[in-house]
Amino acid sequence: MEKIGAVMVIGGGVGGMQAALDLANSGFKVYLVEESSAIGGRMAQLDKTFPTNDCSMCTISPKLVETGRHLNIELLMDSEVVKVEGEAGNFTVTVRRKPRYIDVNKCNGCGECAQVCPVIIPSRFDQSMSQERAAYRLYPQAVPNAYAIEKRGIAPCRDACPSGQRAQGYIALIREGRYEDALRVIKEDNPFPAICGRICNHRCEDACNRGLLDQPMDIRALKRFVTDKVYLQPRVPLDPIQPNREQRVAIIGAGPCGLTAARDLVRLGFPVTVFEALPVAGGMLRVGVPEYRLPAAIIEREIADITDLGVDLRLNNPVINLDDLSAQGYKAVLIAVGAHEGIRLPIPGADLDGVLLNTPFLRDVRLGRPPELGKKVVVIGAGDVAMDCARTAVRLGKEVHVHYRRSRAEATADPMEIQHAEEEGVAFQFLSNPVEIIGDDRGRVQGVRLIRMELGEADESGRRRPIPISGSEHIVPCDQVIFSVGQQAGLAFIPESSGVGVTREMTLKVSPRTLATDRPGVFAAGDVTSGTAYVIEAVAQGHKAAASIHRYLEGRELEPEPPPELPVVKLTGEEMKERAARGEVRVTPRVRVQTLPAGERIRSFDEVSLGFTDEEAQAEAARCLACGVCSECLSCFYKCGLGAIDHDMVERLEEVRIGSLILAPGYDVYSAHSSQEFGWGRYPNVLNALQFERILSASGPTLGHVQRPSDGKVPKKIAFLQCVGSRDQNHPYCSAVCCMYATKEAIIAREHEKEVEPTIFFIDIRAYGKGFDAYYERAKKEYGVRYVRCAISRVVEDPRTQNLLITYLDEGGEIREEEFDLVVLSVGMVPSASTKELAKNVGIELDAYGFAKTDPLTPLATTRPGVYVCGVFQGPKDIPETVAQASGAAAAASEILSEVRGTLVTRKEYPAQKEVQEEEPRIGVFVCRCGNNIGGVIDVPAVKEYAASLGAVVFADENLYTCSQDTQEKLKKAIEEHKLNRVIVASCSPRTHEPLFQETIREAGLNRYLFEMANIRDQCSWVHTHDKEKATSKAKDLVRMAIADARLIRPLEELTKGVIKRGLVIGGGLSGMTAALGLAEQGFEAVLVEKENELGGNLRRLKTTLDGKDVSRYLEDLTARVTHHPRIQVFPDAVITDFSGYVGNYKTALKVGSDGKGKEVEIEHGITIVATGGEELKPKEYLYGQDKRVLTQLEMEALLHGDGEKIGELKEVVMIQCVGSRNEERPYCSRVCCAEAVKNALTLKALNPKAGVTILYRDMRMYGTLEEDYTRARKAGIRFLRYEEEHKPEVTQKDGRVQVTFYNPVLRENLTFRPDLLVLSAATIAADTAELASMLKVPRTADGFFLEAHMKLRPVDFASEGIYLCGIAHSPKRIDESLSQAAAAVARACTVLAKDQIQISGVVSVVDADKCAACLTCVRVCPYNVPVINKEGVAEIEAAMCHGCGICASECPGKAIKLQHFTDEQVMAKCDVIVEVLSDVFKEERV
Amino acid sequence: MKVSYYPGCALHGTAREYDESTRAVSALLGVELGELPDWNCCGASSAHVTDDSLAQGLVARNLAIAEKEGRDLVVPCAACYSRFKAGEREMEEGAHKLNFRILSLLEFLVDDGLMDRIHGMIKQPLVGLKMVSYYGCLLVRPPKVTGAKKYENPEEMDRLLGLLGAEAIPWSYKTDCCGGSLVLSRADIVRRLTRKLFDKALEAGAEVIAVACPLCQSNLDSRQEEISREAGKNYQIPILYITELIGLSLGHPDTGKWFRRHFVDPRKLLASKGLY
């Protein structure tokens, strides 16, 4: 099988990033798959981190940038894994790439799309406590620094509209008060907004999801409102579009369909002529719909907007013969003549004088020549046109009767129309059918003979068929009869010979998808093909016909391509109820449109509907549910200057070939909706912990001010409720982090607001990690955080204050009710729905809780070989453990691929560097507009001119976006053309963009240090938006400073050093052996040094794991593998005597063998792993050592696996926890003892069920999935009794027995036991490493454990590069945790060992030996212990070890040290500019 | 639509107005209530705490009759409902699945179809009337018995009251105990618990407490005078059945007959709102 040197990491949180970086840095190509639009995960959402209170964002931000920029990490954003085929070493993964609608490579994160996006959604990052737009960036520091568009699907309103009107989009714009934009959105798909705003049959409203809750949105009225607003302004004629095509198109009929097509075709560049038979344009709109519904002025305005574009409209110009058009050179013809001919019922008297047809009647009235009517008019029919006839006749002063053969329910007219007609005095007679028109002797109508009808069976239209009731005939006298029973097209100009087919219904025959008729080049659309329909259908057909003609004239396939598939967001009643229950929507009835009173209406043809007022429109628009989220209003598309928006992106599947896979998908926070008793989502002042984290964050919804949601007041009393969604019946595990984060949040809240009084209600405080207990103690003592040991069963709200009442049992056993201003629920971690899906797709098993199934002896391996796991998906854990596991998983994933290391990585080749050392500075300055971000505030041309005027500047330019891809080329060209040897970009922050520009100038042949940046955005335009003049002036000063600096910068050499591909591991216990074996399996040599004679360390004293795995066997195997490995050299009985060198090149001296016969060995190695371990304390209390019935847990474990007979005799065993831990001498928690005690107790119970076992504890720290073992122990009858630190158990000998007496705070009384054995859970203490630490120059904690470089993100690194730590040397830990950490150390080591050479940055400190006085200042201040006093007696700084922080340079009293690239001269030059600037200012003030 | 109807003893005695209003409203809505023939005690008052097999037997007999009828069984009393649901669970454990559903009257009324029907027939929306809904212990709890999803904060009654046009005020005490089962033995506890409910309802701004259980109603309605004496404060909160409220909003002519039977007569309050 061919192995593939690439790894996929799923999940872009802190774990995924760490794994990706370790792999990419050790020679593997990495695909990082992330389902959201940015990496960063949960950690990016946190405010501070425990126990150091570091800012979470500050710590994670460099990792984000490094991951985002890494040459060998490919980010697959908005993606998820669908399928994994193949086997370890060679997998093919199918990835679903979801559309982001914004091109990540083009977007530069300027945010203008979000500024114009009208759609508001609750912010995901702020946990719904603030709002964001559908075009969004997850958070300001997001990587990739690109926006994304949230689109759930097509809103039902748009889906239902024949013309695809983006109703949700223009409604959102109305809500924002952007009426012009709203009109633009309507006109995207419909040139007749004001018309449709009045007479559309609004299928959008029928489809509206809101109808499931109360009533649908009044979309039509909103549409009309927009036009009312915009049309208040006089129309500004539009510029004509110059045709750029030859082929002329003729359109017959200037109705909505023909004009829509004309507009589309003119916009495509075709010359278009519209032939219209009538003296007016608008078709049925103009001559069919009465003025009171649709004022002519509006129609004229909207048509003018079309004809302006260059449509040649010929009125009074009927087309007699189609062939004439071909003869005139039209290449395509669209027939859109509508259906203007009324239908006469075939009954006797139908052609009497006084019988009118609907369409001619309406047309004559509309064209100002109303026919003479008698007094009483009978209208036959009850469609919309019939209503138009009836209401028109009413307005002409007539008495009107409508007769319809079916019932009211079957009438096709809009019910509102019928109602309005009734209000206006029209009399309706349903189930009444004319059989004859009766004339007088002069042949004039004098009445109608009608027959009554009843409803029979349903006919083919689904309506019940009317049947005449015999003998019910009667005569209704009248002067006029108007038939309104349908309309048809006038097709006289299309004879059979024309080749255009006609159907039996007298419509034109067309192919439904292309609208092409039987005659090539002739198309037909609108009512002429469908019979009478609504305007919006005519518009839709017009678009369709135009698109078809476009394809035809370009000679393309006539059939249209199917549109990209998007789901329609149709909710069910159930979903809507759920949303209402969650408080996301509230019942709010539709805003009613006011109409003219009926009495006024009938007196004129004035519009009946008065439309919305501003307030009404706002209120109605606010009801929109924004179903599709993005509405495709295209505001972003028009705004984006980079062309990054693409709404046509579609989901696609992609195959990726990899060798192994790491899963780091993280978790969800438990949804407290499921714990209804706490009222989350119901009471505004109950938050979950992540929400509170956002409240505390400076970038959060309250900018870090502690405020409660209901009234914005500072909450004085805050209650934290622990274990919400953890340690309960549905979540039988502990979420492992909540005790600490609640403590942290309590501390930070108090730091932000002094008056805050936090109370934490808890079951056990599980402060088991490194430094956690000290943090907990500080919270109590320094910050006054109150801890109350009580699980809370519910929260109730005081409706007047919205304060919250909590009932609990106090220490004295009394029930108390206490009021709090704010309640924070410490919600647990739960596997997300998407991780379950992921597990299925990847083909791994999950455990009972839904976390990835692993084994304590192989904690990083899933059930599928080649697939590894890290982070919370493996089980609840905190950040450092996640990071350690991530590195460990990287080691595991690369171990099986070691032979293909380096085969798929990209190395960048650069052109030779130009020698510019001797040249005069020739500076190029590029001032960035950053779209509007800078350009909208600062006068960029002025800054450019100013820069050009300064000395040494030979070229200055401005760019819209300096970071865009094409601008990089522009930069390179400018460097070439103007022989630039220094480049300055005045734009945003070097934090995000300096590496990009440095890369660009390096590609142009310049040394990358010949670059300087002026931050005129973050530190200028963004903070001085209101004072443009001064902002411009400041920008000039910033540029001048950069120029002053740039004149002095020098190219710097980047050194390279070789790497010795061998690792030294100190300590031969579990961690050390695992690390050595790991290095060897990765293909590197390993040297393992153990102080004792035998390998194994503490593991030799452990027999089983908690779940019964055989530890002894495991140790045996591991020892054998280590000792027999060809690349591992073991030195037992050895101590380190000397240590020197730097990363890649260390030298260590060993003394091997004790008792004088030892020999000296010297080892050269590239990295060092410290795994010196620890041991169990020998207690000095509780009669230990004085009474042999008093044992430690490790001694007990030996006993349990030894003397069976003795175990069987035991009747009573007592264990005491925290012996030597969590006290003044050792203020830390030893972490392993609770589980060790439970393990031994369970083993004892299994061997001797009758034995009574009692564990005396302070807090049972059975974190994570250990909780279940704790439950198991209680079920097995093991007693857990709590004691308090202030009342430690007293152990005495009485009557020859051991007696244990202690005070139990639950029973509030003293208890006494006389056990056969007393087992002490003694502390775990660090090995004695004082000497080693000083040789390695690495720090230790006060407790003697080694101190890592960073508590959160560098858990296995020392600050000195190339030295790593793992196992108990770091802090007490369990077997699986040591295994993970040891693997992590290997991964970190591989990032060095995999390289042939190490690149050393040019930004390092250098010592001027002549000036050095060897005062040791630099030696003392260096945080990395780099400077040494060398043999010459002066300070020496090894460049390979220097981090370039500059502390030594600034502290050196003799100015003997300088930091390259940040020299005193450079800094002073900048300062000089500031001083000059200031003196200018002072001068001005004096003047 | 026809359903089986189990009024239970309370509706034939102390809670006659509940029975009458239920029948009246059902008739208006076109629901035919078929009273279970020859029904017996549900076992709620004492059997279920004294004799398991008797308790089970009492329930089983009623359910067997209902099974013969084969229609959904509507139960207006929360205690009867709880007993029947418990019986149903026990039968399910014994692998017997009933051929009908046991519905509390509230559950039955908030069914979408009936809600629509009520909505369409409202003559007098209860606008301006502020209420809290009170479910008591047994209507939704224990969830294992009732199968209710939202047992901490049920909302069906609120939805119904909203539909009638009343203002249903959210409060935290919907399912707190009123002490109903200690009515005779520990009146002191009952007074403490009910007084708390009155205070909390008043704090929330309620003028009426809506109920769907005859025991809750009588307990809350009848104690107010005593508590007022004890507290030196005048409690006068009408406790109304949901069926009475529906009847009121549908304009049923008999509301006066029902209201007359209440200890705290609601008519004055309703009149002040123009609703009576």
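Is Arg1008(A) buried or exposed? Select Arg1008(A): at 18% relative accessibility, this residue counts as buried (buried is under 20% relative accessible area, exposed over 50%, partly exposed in between, using a 1.4 Å probe and protein chains only).

Before going on, some housekeeping. This is a predicted model, where local features need pLDDT of at least 70, side-chain atom pairs count only at pLDDT 80 or more, and totals for chains, interfaces and linings use all residues. Residues are numbered from 1 along each chain as its sequence is written, chains are lettered from A and ligands numbered from 1 in the order in which they are written, and side-chain values use heavy atoms, with hydrogens and water left out.

**Stop 1**

Now select Arg727(A), Asp764(A), Arg766(A), Asp773(A), Arg789(A), Arg1222(A), Asp1259(A), Arg1261(A) and Glu1267(A), which salt bridges with shared partners join into one network. Over all chains, the structure holds 142 salt bridges.

Next, pick Lys98(A) and Glu80(A), another salt bridge, whose closest N and O atoms are 3.0 Å apart. Lys98(A) sits in the loop between strand 7 and helix 3 of chain A, and Glu80(A) in strand 6 (residues 79–87), so this pair links distant parts of the chain, 18 residues apart (helices, H or I with at least four residues, and strands, E with at least two, are DSSP runs numbered from the N terminus). Both ends count as partly exposed: Lys98(A) at 34% relative accessibility, Glu80(A) at 23%.

Then go to Arg513(A) and Glu559(A), where the salt bridge is 2.6 Å, N to O. Arg513(A) is in the loop between strand 26 (487–488) and strand 27 (522–524) and Glu559(A) in the loop between helix 18 (535–553) and helix 19 (573–581), so the pair ties together parts of chain A that are 46 residues apart in sequence. Arg513(A) counts as exposed at 52%, while Glu559(A) is partly exposed at 32%.

**Stop 2: a buried glutamate**

Select Glu693(A) in helix 23 (residues 689–696) of chain A. With 2% relative accessibility, Glu693(A) counts as buried. A polar atom of its side chain lies 3.0 Å from the backbone nitrogen of Asp47(A). Leaving out residues up to four places away in sequence, Glu693(A) touches Gln45(A), Leu46(A), Asp47(A), Lys48(A), Lys744(A) and Glu745(A) (touching means heavy atoms within 4.5 Å).

**Stop 3**

Most residues other than glycine have a negative phi, and most peptide bonds are trans. What is the phi of Tyr101(A)? Positive, about 70 degrees, although this residue is not a glycine. Tyr101(A) is in the loop between strand 7 (90–97) and helix 3 (112–116) of chain A, and counts as buried at 3%. Tyr1182(A) also isn't a glycine, and has a positive phi of about 55 degrees. Look for Tyr1182(A) in the loop between strand 55 (1174–1176) and strand 56 (1190–1192) of chain A; this tyrosine is buried, at 8%.

Finally, the cis peptide bonds. One joins Phe50(A) and Pro51(A), with omega about -5 degrees; Pro51(A) is in the loop between strand 3 (48–49) and strand 4 (54–55) of chain A. Over in chain B, the bond from Arg141(B) to Pro142(B) is cis, omega near -10 degrees, and Pro142(B) lies in the loop between strand 5 (130–134) and helix 8 (143–146).

Note on methods
A polar contact is a pair of N or O atoms within 3.5 Å; within protein, one must be able to donate a hydrogen and the other to accept it, and residues adjacent in sequence count only if both atoms are side-chain atoms. A salt bridge is a side-chain nitrogen of Lys or Arg within 4 Å of a carboxyl oxygen of Asp or Glu.
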